[in-house]
Amino acid sequence: MALRREFRENLLVKKSLSLFVASLLTITLSACGVQSQIYSSSKREGVYYSVPKDWNTISEAKLNAYEIKNAKGSAVDRQALVKWQSAFSTDKKTTPSEIFAIGAPEKPLAFARVRSLSIDELNAVSYNVLRDVIVPLSEWVNSPTADTPVYSIESDQEVVEKGARGVRTIFSFTHLGVSQTIDQTAMLSNDHSTMYLFIIRCTSACYAKNKKIMTQISNSFTVRGAK
Amino acid sequence: MSEVDIVTSRKRDSDRRTRIHLSFFDRTKFFLLFGLVFLILVWSNLADNPILSVSDSVKEVSSSKSWILALVVIEVLRQIHFGLAEILAPYHGAWQKYFSFMDRQIHRLSDWSRFRLSRVIKWLLVLVLVSVVLGAVYKETPIRALFLAPKAFISALPMLGQLLFAVFFVIIQFGAIFWFLSRGGVDTYFPDDIRTRFTDVWGQDHVLNRIRENLLFLEKPEEIEKHGGYVPGGLLLWGPPGTGKTLMAESMAGETGKPFVFVDPGAFTNMFMGVGVLKVKGLFRKLRKLALRYGGVVVFFDEADSLGNRGIISSGGQQRFDASSTAGIFGDACHGGAYLSAASASALVHEKFVMGGAAGAGGGGGTGTLQALLTELSGLKKPRGFFNRIVRRTLGMRPKNPPKYRILVVMATNMPEALDEALLRPGRIDRMYRVGYPSKAGRVRTYEGYLAKVSHSLTADEIDKLATITPYATGATIKDTINEALIIAIRNGRQSIEWQDVVKAKQQKELGPSEDVEYIERERHAVAVHEACHAVMAHRVRQHMAIDLATIEKGSDYLGMVASIPPDDQFTRWRTEYESDILVSLASLAGERMFFDGDNSSGVSGDLESATTIASLMEGHWGMGSTISSHASNRRFEVGAPGGGKGKDDTAKQIRHALSDRIEDNLTGLLAKAQEILIANRKEVLSLAHALETHKTMSGEDVAAVIDGVKGSLVDGRPYLESELQLRIEKYHEASLVAHRNHRTPDIALPVIA
């Protein structure tokens, strides 16, 4: 009896080991493909997001070079505070100027930036300041004037992450006759020293068309905070 | 022939045509290892990026760490190769040929060169691996990372220092405690620290000569080493207490020009386990150092039995048959171990010790102390010194042989049987010397030595006589006796020791202080008659012993005593001697019955016990009775005594002849003989009883003088020849007898010699 049990146990061990090795080999060999996503991250700043693998990257170097070249006045100082930035677009021909221009892009465009805050900024920072990073949205809402463009706010909610907290606002506005939708997440690090910004935008028609994928990308934006 | 009968060996590797089948684990172990590494990498990737999916992590690791896949492929190829070699003989054969060719090529290099080459390759491999790992850690090129690592190490030094301190603090505490505990018990004397010389040891010349020889070899080792011998490393001095073993060691310390290390008997008794081992190691480290510095060292373990032993069983089957260990087994007469075959002797020892349950172990300073000592005495000769062991080896040089440490180990004990068998083997203790009781010449010289230190009026003849009447005197007892004699002389207002002081001192030392109890007259007379019977019988029949003294002064455990001493150093005993001993013992019973009308006191109990014991031993052990077989063996093997007690054929006659009856027969015969002798010596007994009643304690010489009617040194025996005194003594005895019967005081007082 004991011999049979031992034999059975041996067989069991052999089977499990074989299964392990076989599954390992299968996984290893089947994994010889390309990743399903492009993962963009700054591990030092603890910022991560992913875009579909057919998106095109605009390198950080190009973005920095463009900004430095075109910065004037206080923008120069602000540029010096940038720690990391990254941009993706479905369009291969997208240039850094399109990233930083306010005009509505025809195709989806994602941009992430990590920047230190100056002392003045740090003193003045609030959720409204975070909402107003691209356009003065809070001003449009609170004190509309004749110059206030046509705009609509789809959603506005607080976001709390491990390393930071802020607001995610999805809004549309018309500029030069073209309506643009922006999914904007702006967060402040827990020690208030760093601002994390992620925007994904394109014309409102384009957004409506790609809403699912754009929401997915915006959802992937994760801030763990600097190490 | 059945299959069971065919015995076949497992095939040798060279006899196989195919490769031996790998076990399942051997086939899969590398896959398992690689799999594990792969999983760890995937896991670390996932931990690194919170939004990464598992499948993307697997893909990422597969593409970025493709070397692991390469290793898997290599392992697959290897397994295929093994698989083919297990199935195809030609394939396996071809590889074997290739391997043997490679082996031949590699073995062109010497073993030493191959070892060094492999060491270099291993180091390089480790270096490469370390740099690759560091490169991954620092996100730098491996070479650059290799240079960054020492920098990081230096910056981490303060923290490492703190950690090391934390660790070493505890170790240092322990070390300090053990260091303090392992101090003490060892004293080192340097030449000229001790003034005792061999000339101060008297009466042990034969041992001293041997010791001198050992010291000579220690001081001039080349005398024996140039002839291919070695300096004896160990001496054991054993013998009864007080015979001068420690004094001899002290004189060795004084004589030798080498340091002398004295190890206290209590040095290895410790509170904690392991301290004893440390002590032994520390001691021998010290000894080696001293031996190197001074060219030799003597270490003396006093009372070496305190080192203990590991039990007689530890010595294995065959026992040693030297006098020290087996004297107790074979007796100290005709030593059985010397002429019996080894097997017979071993059987005897086994019987006595193992079956007798005397396999006592233990003692010593705790677990491992003795073993540590054994190892240090004759263990591996380890290379010494940091430079020798580490630096020379690092440079690829062979360490130098350890130097010759000339350490002479001397041990002293009065219980050699308590020492461990392994301790006494040649190589550890090479020579064993018995330091026995000094010979008569030695005793004379010892008396002369101690008397020379005091003022005395003893003649050479008196000193000789003193040596004769103190056969078992040792250096210590002689010194004590002379000192006691001096105290007696001073107490009596003299500065110089006289003969009577020495005799008195000897009596005091042997008998202890008397209790100063005054007997009532009739009891005093009875005790005196009792002792006189012993003394007269001894004087008449016992030639192998001389009377040392007779006393009727009450001691702590006796009423009176007749003490005897052997006049010569005699080592064998004879039947006639034992018979005379029994006669002396039985004289008291015979005498009391004779002089007190058949009455006798309980004071004879001790005498009867001695007589019976001797008679039993004669009958059952010493072959001095009517049978031959040894009662000791009969009893052990439960075979019964010859002629009685076993089986159906028991008859009254056989039982009558059982051992105890034969002993009783013998004693009855001897009692009758004792009576005859005492009847013939009635006058002498009463004379001596009178002398004892008068003087209380008498020396052997005076006892003989009274019996023989001559002048003794302190008592004159001549008046006892006179019939008038004899008559008075006889009357006094009659009066004492009446008093004894009626329990009253005798009518006549003890006669006084004018």
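How many residues of chain B are in contact with chain A, and how many of chain A with chain B? The points below take up this matter and then turn to each chain.

1. **Basis of the note.** This is a predicted model, in which local features need pLDDT of at least 70, side-chain atom pairs count only at pLDDT 80 or more, and totals for chains, interfaces and linings use all residues. Residues are numbered from 1 along each chain as its sequence is written, while chains are lettered from A and ligands numbered from 1 in the order in which they are written.

2. **The interface.** In the model, 19 residues of chain B are in contact with 22 residues of chain A; two residues are in contact if their C-beta atoms, placed from the backbone, lie within 7 Å. On the chain B side, the elements that give two or more residues are α1 (24-48), α2 (54-64) and α3 (66-87) of chain B. The largest share, 7 residues, belongs to α1(B). By class, this side of chain B has 10 nonpolar, 5 polar and 4 charged residues. Here Ala, Val, Leu, Ile, Met, Phe, Trp, Tyr, Cys and Pro count as nonpolar, Asp, Glu, Lys and Arg as charged, and the others, Gly among them, as polar.

3. **Chain A as a whole.** Chain A holds 8 helices and 10 strands. Both are DSSP runs, numbered from the N terminus: helices are H or I with at least four residues, strands E with at least two. Of the 227 residues in chain A, 30% are buried. A residue is buried if 20 or more other C-beta atoms lie within 10 Å of its own, exposed if 12 or fewer, and partly exposed in between, with C-beta atoms placed from the backbone. Among contacts in chain A with a separation of 6 or more, 61% join residues 24 or more positions apart.

4. **Positive phi values.** Most residues other than glycine have a negative phi. A:Leu176, however, has a positive phi near 55°; A:Leu176 is placed in the loop between β7 (164-175) and β8 (178-189) of chain A. A:Leu176 is exposed because 9 other C-beta atoms lie within 10 Å. In chain B, B:His743 has a positive phi of about 55° and is found in the segment after α29 (723-742) of chain B. B:His743 also counts as exposed, with 8 C-beta neighbours inside 10 Å.

5. **A sheet in chain B.** An open sheet of 6 strands has the order β1-β3-β4-β5-β2-β6 (chain B), with mixed pairing; two strands pair if DSSP finds at least two bridges between them. At the edges stand β1 (186-189) and β6 (431-434) of chain B, each with a single partner strand, so one side of each is left without a neighbour in the sheet. Within the sheet, β2 (234-238) and β5 (407-413) of chain B pair in the parallel sense over 5 bridges, and B:Leu237 stands opposite B:Ala412 in β5(B).
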